[in-house]
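Dear colleague,

Please find below the structure that I am handing over to you.

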Amino acid sequence: MIGEKIVSFETINSTNRFLMENHTNYPDGTVVVALKQTSGYGRNKRIWYSPKGGLWFSVLFKPRKQIEPSFYTRLFSVSVVRTLEKFKIHVNIKWPNDIYLYGRKLAGVLSEGIFEGKKPVAIVVGVGINVNNDIPEELKTQAISLKEIMNKEFSLMKLLEMILKNARILLRKYTKKKEALTRIWKRYLIQKEGDILHLREGGQEKLGRIVKITSDYLLIEIDGEIKKIYSIFPH
Ligand code: BT5
C-alpha cells in the first residue's frame, strides 16, 4: 500500500535516484521523502531546485502487470490537484507533467521505470511541490510556491499524507479503468484539443493546432502537416 513504509531523510541527492538505485531493498508503495535534495532532477535530467521548505518525495511501485510509467504521473498529478482543491487552491496541469498556478509552475511529477523486457520491475514516481521554500532568482518569473500565494506556511507532512491518501483512493478506483483516469487528467489540462500553441521548430517560432492529446505525445498540425511532439515550450 502507498505510504505503508515511509523513509525520510534530512538531505539526499534525489529521492527518485535513491529509489531507482535501491528498489530491490524496499517493498511496493514505499515513500521516500527529504527536506532538501542536492541533485533533484526533472525530465532529461534537468535541474529541479529542491531547497528546504518544499515537499520532495518519491513513491516506489512494483506492478505485477505491464503498465506505462505515465499512468502513475497522471495518478499523482490528479492527486496533487485534488489535494490542493481542499485548500481552495485551484491549479491546472500543463501537459504532460507540470502543475501550474497563475501561469507559473508550482509542482512537477517525474516517473521513471526499470524494465525487464516490457515488464516493469520498478516504477518510481517523484513529486516536487514548492510549498514554504523560496524560489531561486532565475525562476522567479516562471515558478511559484504555496507560501507566496497563501501568505502562510503549510505543514509538509500533512500535505504529504493528504496526497498519499488521494493517490491510494485513485489507484484503487482506476487501476482497472485507466482510460477513466486519463479523462479526469485531461479535464484538468490547460491545453485542450483544438487549441493553438506557440511552438519552437528549428529555432523558429510557429503556430500549431493540437489535434490530439495523449499521455505520451501531442499530435500537432503545423504548416498543414501532422507531427508528434513530446514537450512544449517552455518545457
Ligand atoms: C519536472 O521536470 O517538472 C519533474 C520534477 C520532479 C521533481 C521531483 S522532487 C522529488 C523527486 N526527486 C527528484 O530528483 N525529482 C523528483 P521537468 O518538466 O523536466 O521540469 C524541469 C524544469 O522546471 C527545469 O528545467 C526548470 O525550468 C523548472 N524548475 C526547476 N526547479 C523548479 C522548481 N523548484 N519549481 C518550479 N520549476 C522548477
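Which residue of β10 stands opposite Ile-210? It is Ile-220. Before I place this pair in its setting, please note that the model is a predicted one.

**The two domains**

The protein chain is divided into domain 1, which covers residues 6-188, and domain 2, which covers residues 196-229. Their centres, taken over C-alpha atoms, are separated by 27 Å. Seven residues from domain 1 and seven residues from domain 2 take part in the contact. The size of an interface is often given as the accessible area lost when the parts come together. Here domain 1 and domain 2 bury about 530 Å² between them, and 61% of that area lies on carbon and sulfur atoms. On the side of domain 1, Ser-70, Trp-95 and Lys-186 supply 71% of the area buried against domain 2, more than any other three residues.

β1 and β2 (residues 31-37) run parallel and are joined by six bridges; Thr-11 stands opposite Lys-36 in β2. Between β2 and β3 there are four bridges, and these two strands run antiparallel. Ala-34 stands opposite Trp-56 in β3. Seven bridges then join β3 to β7, again with an antiparallel course, and Val-59 has Val-125 in β7 as its bridge partner.

Why is β3 described as largely enclosed by the rest of the structure? The reason is that seven of its seven residues are buried. In a regular strand the side chains alternate between the two faces of the sheet. In β3, Leu-55, Phe-57, Val-59 and Phe-61 point one way, while Trp-56, Ser-58 and Leu-60 point the other way, and all of them are buried.

**Glu-112 in β6**

Glu-112 is found in strand β6. Is this residue buried or exposed? Its relative accessibility is 14%, and the cut-off for buried is under 20%, so Glu-112 counts as buried. The side chains of Glu-112 and Tyr-41 are joined by a polar contact of 2.8 Å. Leaving aside neighbours within four places in sequence, Glu-112 is in contact with Asn-16, Met-20, Tyr-41, Lys-45, Ala-122, Ile-123 and Val-124.

**Helix α5**

Which residues of helix α5 (residues 178-188) are buried? They are Ala-180, Leu-181, Thr-182, Ile-184, Trp-185 and Tyr-188. The buried residues of α5 pack against α2, β4, α4 (156-174) and β9 (204-213).

**The sheet of four strands**

A further open sheet is formed by four strands in the order β8-β9-β10-β11, with antiparallel pairing. Its edge strands are β8 (196-201) and β11 (225-229), each of which pairs on one side only. The twist in this sheet averages 45° from one strand to the next.

The pair in my opening question belongs to the pairing of β9 with β10 (residues 218-222): four bridges join these strands, which run antiparallel. Ile-210 and Ile-220 stand opposite each other there.

β10 also holds Ile-222, which counts as buried because its relative accessibility is 4%. Ile-222 and Leu-207 are 15 residues apart in sequence, yet 6.7 Å apart in space, C-alpha to C-alpha. Not counting residues up to four places away in sequence, Ile-222 touches Leu-199, Glu-201, Lys-206, Leu-207, Gly-208 and Lys-227.

With kind regards

Technical notes: Residues numbered from 1 in each chain as written. Predicted model: local features only at pLDDT ≥ 70, side-chain atom pairs only at ≥ 80, totals over all residues. Heavy atoms only, no water. Pairing = 2+ DSSP bridges. Buried < 20%, exposed > 50% of the residue type's maximum accessible area, 1.4 Å probe, protein only. Polar contact = N/O pair within 3.5 Å; in protein donor to acceptor, adjacent residues only side chain to side chain. Contact = heavy atoms within 4.5 Å. Domains from an automatic or database assignment. Buried area = accessible area lost by both parts, 1.4 Å probe. Axes fitted to C-alpha atoms, helices over the stretch in contact; angles between N-to-C directions.
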